[in-house]
Amino acid sequence: MLIKRRRGWEIAESAATAEAVFHGRRRLVKALAAGPLLLGVAGALARAATAMADEADPSAGLYPAKQNPKYTVKLPLTPEEIATKYNNFYEYGSHKEIARAAQELKVRPWTVKIDGMVEKPMEVGIDDLLKAMPLEERVYRLRCVEAWSMKVPWSGFPMKALVDYAKPLSSARYVEMFTFVDTKMAPGQRSFWYPWPYNEGLTIAEATNELAFMVTGLYGKPVPKQNGAPLRLAVPWKYGFKSAKSLVRFTFTDKRPKSFWEQLQGSEYGFWANVNPQVPHPRWSQAMETDIGTQEKIPTLLFNGYAEYVADIYKGLEKERLWA
Ligand SMILES: Nc1nc2c(c(=O)[nH]1)N[C@H]1C(S)=C(S)[C@@H](COP(=O)(O)O)O[C@H]1N2
Ligand SMILES: [Mo]
């Protein structure tokens, strides 16, 4: 997050081409589902298309999930090979090219703990959780605080479904989320000056807003390790750092959590972190953003364009530092 000058884009494929590939794959998957006719050829193609990423992931058969047409964006989507190769994941390094290093992340077995102010603390394996949750696909924008953005098809389930499943007590006001800690599989966590584990927090009103989404898939496949497998958050009206990756624990509490970035640099990265083009970061403007797919500079929108869904949450909270 302590910005370095980015190198130029070295990717040859145009956004349009990559998008065609994505939709082409979707058609192929549909064709496969339709019948055994083409299985020999199509099966081989599908295997080639999904290659390594899906292998040995027991949830692969759940995707692509049914698209929810309510949550969509103006095309083109960010090409898959850009969204999965330009990442922030400090557990694997403080630069963007962590995709290869992140393959060290072991995503099975994966246990999710739910504790704090709940009726009954519990632990659930990711595959049991996936069976209990209503999977769907949504296309969301993601706006990083560093002024880049992307548009991607996430799969997963509304965070409200997870909150209902957890049965918080009425006294709970926040949910705090934690990324795994394992210095063996995440060399970045050997950098002792960071306050591991990565954690984030939302109010219950935010966590149960219809937009708050628990991500388990991306581009019609299980979510890649570098994008936060097997379970991450997507809260598209907030800066990207709120969307914590590879989560292992949800704690319900009546105390406002202090997040990883807030602990490091509270004056720049606060609890609310709602997107607002008119409120500059202390070190740069937030008025514009670069789409990492098209490389276009586009104006940033209030709440990243999601004001109609979330503005009501913040009524009466105007004294809070809602924007940074
Ligand atoms: N555990 C963890 N979660 C994280 C981060 C991180 O470093 N560690 N980076 C955040 C930031 S700053 C952004 S912009 C998004 C990036 O998600 P992406 O790599 O899927 O684009 O993840 C967020 N979640
Ligand atoms: Mo970010």
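Which residues line the second largest cavity? They are Val145, Tyr239, Phe241, Glu268, Val279, Pro280, His281, Gln286, Trp323 and Ala324. By class, this lining has seven nonpolar residues, two polar and one charged. Here Ala, Val, Leu, Ile, Met, Phe, Trp, Tyr, Cys and Pro count as nonpolar, Asp, Glu, Lys and Arg as charged, and the others, Gly among them, as polar. The second largest cavity holds about 50 Å³ of space.

This is a predicted model, in which local features need pLDDT of at least 70 and side-chain atom pairs count only at pLDDT 80 or more, while totals for chains, interfaces and linings use all residues. Residues are numbered from 1 along each chain as its sequence is written, chains are lettered from A and ligands numbered from 1 in the order in which they are written, and side-chain values use heavy atoms, with hydrogens and water left out.

Cavities and pockets are found on a 1 Å grid over the protein atoms alone. A cavity is a set of points where a 1.4 Å probe fits but cannot get out. A pocket is an open set with protein on both sides within 12 Å along at least five of seven lines. Lining residues have an atom within 4 Å of a point. Grid points are joined across faces, edges and corners, and a volume is the space filled by probe spheres set on the points.

The structure holds four cavities of 30 Å³ or more. The largest cavity is the space taken by ligand 1; a molecule sits in a cavity if more than half of its atoms lie within 2 Å of its grid points. This cavity contains about 310 Å³ of space. Its lining has 23 residues, with Asn88, Arg232, Gly240, Ser243 and Lys245 nearest the centre. Of the lining residues, 14 are nonpolar, six polar and three charged.

Now the ligand itself. Around ligand 1 stand 18 residues (each with a heavy atom within 4 Å). The closest are Tyr90, Glu91, Asn227, Arg232 and Lys245. The shell divides into nine nonpolar, six polar and three charged residues. Polar contacts are pairs of N or O atoms within 3.5 Å. A polar backbone atom of Tyr90 lies 2.7 Å from an oxygen atom of ligand 1. Glu91 brings a polar side-chain atom to 2.8 Å from a nitrogen atom of the ligand. In Asn227, a side-chain N or O atom is 2.9 Å from a ligand oxygen atom. On its own, ligand 1 has 530 Å² of accessible area (Shrake-Rupley method, 1.4 Å probe), and the protein covers 100% of that area.

Next comes an open site. The second largest pocket holds about 310 Å³ of space. Its lining has 17 residues, and Lys74, Arg141, Lys151, Asp291 and Ile298 lie nearest its centre. Strands E4 (148–158), E11 (288–291) and E12 (297–299) each give two or more residues to this lining. E4 gives the largest share, three residues. Strands (E, at least two residues) and helices (H or I, at least four) are DSSP runs, numbered from the N terminus. The pocket lining has seven nonpolar, four polar and six charged residues.

Finally, the backbone. Most residues other than glycine have a negative phi, and most peptide bonds are trans. The bond from Leu75 to Pro76 is cis, with omega near 5°. Pro76 is in the loop between helix H2 (39–54) and helix H3 (80–83). The bond from Arg108 to Pro109 is also cis, with omega near -15°. Pro109 lies between H3 and strand E1 (111–116), in a loop. Tyr219 has a positive phi, near 50°.

Technical notes
A polar contact is a pair of N or O atoms within 3.5 Å; within protein, one must be able to donate a hydrogen and the other to accept it, and residues adjacent in sequence count only if both atoms are side-chain atoms.
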